[in-house]
Amino acid sequence: MTTPEPQAATPPPGCPAHRAGGPPAPAAQLYGAAVADDPHGLYARLREQHGPVAPIELEPGVEAWLVLGYAELLELTRNEKLFSKDSRRWRVPAEGRLKPDSRLLPMTAWRPTLLNLDGGEHQRLRGAVAQTLGRIDHRQLRETTETAANSLIDSWGPDGTADLIAQYARRLPLLVFTQLLGLPAEMGPHLIELISHFVDSSEKSVRANAEFQAILTDLVRRSRAEPGADLTSWLLAHQAGLSDEEALHHLVVILVAGNETTINWTGNTLRLLLTDRRFRSTLAGGRLTVADALEEVLWRDPPTQNFPGRWATGDTVLGGQYISAGDMLVLGLAGANADPAVHAASDGIAGNRAHLAWGAGRHVCPAQHPARLIVETALETLLHRLPDLQLAFPANELAWRQSPWSRALVSLPVLYSAFTPPRAPAPERPPWTPPTLSPPSDSTPSDGTSTERTAGSGRLALRSWWNSLAGWWSGR
């Protein structure tokens, strides 16, 4: 990448968006069915037509750039001087071209958060959020998630059918997050509905965003007055000295990013396990694990496929495209992961965490470790309870939500034959005391007090369960 001098306003020779003798190349729509039905095909076509940076429309008349190149996305996220996180630099609203009720506002409006600031202020707020999340007890988080997962599974009817999106993946994270933040558990379903509207940029997104912020404003007020052992109280008490407004907007970030990412990561991984025979057979052979499945999804179908954004602070060139000051650039996380310049389609990715699903640079997601723990526990609990899960209809009939940002299934209907009881809690061990030595005896215990033990019999139940699970992975 090269950075022209400020006075250089002429596009470079060969710029695909400014071909001589004709209009600029048409921008692709990053909304509606096109981005939901076949995003991978869309990104491949954009890469072929425009290279690693492609012109797009986020809604009619609202243009931006989609960064699809792996190297270009790293440059974008690491160069704060040239590509700012401050959306107030965006020239579309400055020129009066963004409608007051635009569906893009909840995801692009400036907020006083770590997502919208650069430099020292970003570091101050990121430190507060990262250290607050770091206070979460991981063992307790796993137990909370497992308890919530079991309660959801137990609530399903006796007919052996379930929708793993509506009845599991979409409900589980907020059962956990409401406890972490100090919110009433019964508020979870309503919060899910509100978050879905503005993450999908639906027609109700602006109203949903206002109602969502009102709920969190009340939470901040209560936590300031009566602190508890929860993330909200810890964030307010942090030495960074967040104002109520700053705390409010960071709770929005934690809930939206944490909840939406966790839902989609869980759903997309379950889809992989239920539909990919190659992966199932590899897993059954012991060569891959559930953790590997999670990683493969972050490469192939990351829960956030595109993320807004960066705003150019001056005229420059990125990926062969002429970028003007005030232009918006969208992080094409899924497209950059598939960049042929980084790896061939046949490359193995097991154990490789060089994907960009969490972003890159100083703004990389600070909540990825709690999210991984929640999703991994959710998957392990479900597979233990319902080891014979299978998809209820052909995989090619699955539908995706029409969101420019999330990669999320509408539903994931499954069949199963029976529940496996939840794991019983491990009994507390009595304190160890030395055995009392007694002289050897020739007597033989009676039949009522002894049983002959077959070698390895203590492992039979465990082996039987693993055999059952391996059979399911193999498609039997």
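Author: Let's start with burial: a residue is buried under 20% relative accessible area, exposed over 50%, and partly exposed in between (1.4 Å probe, protein chains only). In this predicted model, 51% of the 476 residues of the protein chain count as buried. Local features need pLDDT of at least 70, side-chain atom pairs count only at pLDDT 80 or more, and totals for chains, interfaces and linings use all residues. Residues are numbered from 1 along each chain as its sequence is written, and side-chain values use heavy atoms, with hydrogens and water left out.

Reader: Thanks! How many helices and strands are there in the protein chain?

Author: Helices (H or I, at least four residues) and strands (E, at least two) are DSSP runs, numbered from the N terminus. Here the protein chain has 18 helices and 11 strands.

Reader: In what order do the six strands of the open sheet come?

Author: Two strands pair if DSSP finds at least two bridges between them. The order is 1-2-3-9-6-4, with mixed pairing. Strand 1 (28–29) and strand 4 (83–84) are at the edges with a single partner strand each, so one side of each has no neighbour in the sheet.

Reader: And how many bridges join strand 2 to strand 3?

Author: Six, between residues 53–59 and residues 62–67, and the two strands run antiparallel. Within this pair, P55 stands opposite W65 of strand 3.

Reader: Which strands does helix 2 touch?

Author: Contact means heavy atoms within 4.5 Å. Helix 2 (residues 39–50) packs on the sheet and touches strand 1, strand 2 and strand 3.

How values were computed:
Axes are lines fitted to C-alpha atoms, for helices over the stretch in contact, and angles run from 0 to 180 degrees between N-to-C directions.
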